Amino acid sequence: MHLSTHNSFVLERAKIATWQEGRFSVRDLHDVHIENGLIRSVLPSATGPSHPDDVARIDVQGQLVTPGLIDCHTHLVFGGNRAAEWSQRQRGVSYQDIAEQGGGINSTVRATRQATEDELLRAAVPRLRNLMSEGVTTLESKTGYGLSLEHERKQLQVMDLLQTKFPVEIVKTLLCAHTLPPEYKNRPDDFINLICTEIIPTLAREKAFESVDVFCETVGFNLEQTRRVFVTARALGFPVKGHTEQLSNSGGTQLVTAFHGLSADHLEYLDSEGVNALQRAGTVAVLLPFAFYFLGETQKPPVDLLREHHVPIAVATDFNPGTAPFASLRWAMNMACVQFGLTVEEVWAGVTYHAALALNRADRIGRIAPGYQADLLVWQTQDPADIVYEQGQNFLKQRYFKGKSTLA
C-alpha cells in the first residue's frame, strides 16, 4: 500500500463527476487542490490560478475523478457463513425446515457468539478489502448477530479494529433489534425491554455506536416494539433508521419518518403514503438490489414515485450472510440500474451524496467541493457509465482517503 507524503497537491486536468446543483453531473478538465486531507479548491484547468511551486502536481490527463464510494448499509462483521443452507434451499428444502434444524439467522448468531474478536476480524478483512478495492472509502457496518450486550459490543469492537488497520471510515450502527435470540424465543417484548433498558444505554455510555436500526417487519419486530426502541434511542440523542417494507407494507417507513430517521432501507412494498412521509421528513430511501435478487423477489421498490416526490435515493450492498453475500458496491450499482430502473446518474448519486445523507455526513463527504474531505477516486475511463456497465474490469487507478493515496 502506497501512502502519499504530500500534505498539499493538485490533481490537474481531471474530468470531475460529482453532485452539484441538485444532480450528479460531469465537468471537463478541472484542477482539484488538496491540502491537509481536505479539498481546498476546484477550478477549471484552463483558468485556475497557478499554484505555489512547493505544491505537488499530478496530471490526471482527462481521466475521471469521482468522490469515494459510500456503502451505506452493510452487515460486515459476523461469524461463519450460510452457504450450506443456501445449497439446501437450492435443492428444495424450505426455509422453515432449515430454521427448525437450527439454521437461518440464528445460525449466524450462534457462530458470531462463539467466535473470538480475532476470528471475526480475520473473517471481515477480505470483505472489507474487496469493497475498498472497488473504491469504497466509507461504509456503514451494523451489529445484529450478537443479540446480547456482550456480543453486540464484540461486533462493535471488531469494527473499531478494522478502522484502525485500514484507510476507511466505518460508521457503526446498533441493530440489536434484528431478530429474537434463541433464549428469548416467543418473548419479543422481554427482548425489547432488554434492548431499551440495558443494551442501548450501556453501549451509549461507552460511545460505541452512532445510530440505532430496527428490523421492522412481519418476521422481525412490530410497530410498537420498534417505537419503543426508537424512543429510547432518541431520548439518548441517537438518530434512527429502519429495515422497512421489505416483505410487507406494515407502516415501518412512516414510523421511521415520525422520528426524523436518517434512512428507510429495502422498501419493496412501500406505498404512496410512505413515499410522502419520506419526502416530508427528508429521510433517504436506501435500495438494496442484492437482497431483492438473492431472495428471488418480484415486488420492486416504487422508484417512479420516489423520483416524482424528489426523495433522495441511495444504493448499498446490504452485505450479509443470509440474503446478500456480495461485497461489491459496483455490482450493486449495476443491479440497481438493471433491476430497479435507476439511471447511471441516479445510481452514482446513490453511492456518493445520497449515501452520505443516509449516514448523516453530507456536509463533509460524498462530493467534490471545497471544504469536503479529500476522499477521491481516479478511474481509467472518462465516462461514469463504464464503471457501472462493465463488471469484469476494475477501472480504479487511484484511491485517496483523507488526501492520502491508497489502494487496498
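Are F24 and W348 buried or exposed? F24 is buried, and W348 is buried too, where buried means under 20% relative accessible area, exposed over 50% and partly exposed in between, with a 1.4 Å probe and protein chains only. This is a predicted model, in which local features need pLDDT of at least 70, side-chain atom pairs count only at pLDDT 80 or more, and totals for chains, interfaces and linings use all residues. Residues are numbered from 1 along each chain as its sequence is written, and side-chain values use heavy atoms, with hydrogens and water left out.

On to the rings. The whole structure holds 18 aromatic pairs; rings of Phe, Tyr and Trp (its six-membered ring) pair if their centres lie within 6.5 Å, and planes under 30 degrees apart count as stacked, over 60 as edge-to-face and the rest as tilted. F24 and W348 make a stacked pair, 5.6 Å centre to centre with 15 degrees between the planes. F24 sits in strand 2 and W348 in helix 13 (residues 344–350), so this pair ties together parts 324 residues apart in sequence. Helices (H or I, at least four residues) and strands (E, at least two) are DSSP runs, numbered from the N terminus. Elsewhere, W86, F290, Y293, F294, F326 and W331 form one aromatic cluster.

Strand 2 (residues 23–35) also has partners of its own. Strand 1 (residues 8–20) pairs with strand 2 in the antiparallel sense over 10 bridges, pairing being counted if DSSP finds at least two bridges between two strands. Here S8 stands opposite E35. Strand 3 (residues 38–44) pairs with strand 2 as well, antiparallel over 6 bridges, with V32 opposite V42.
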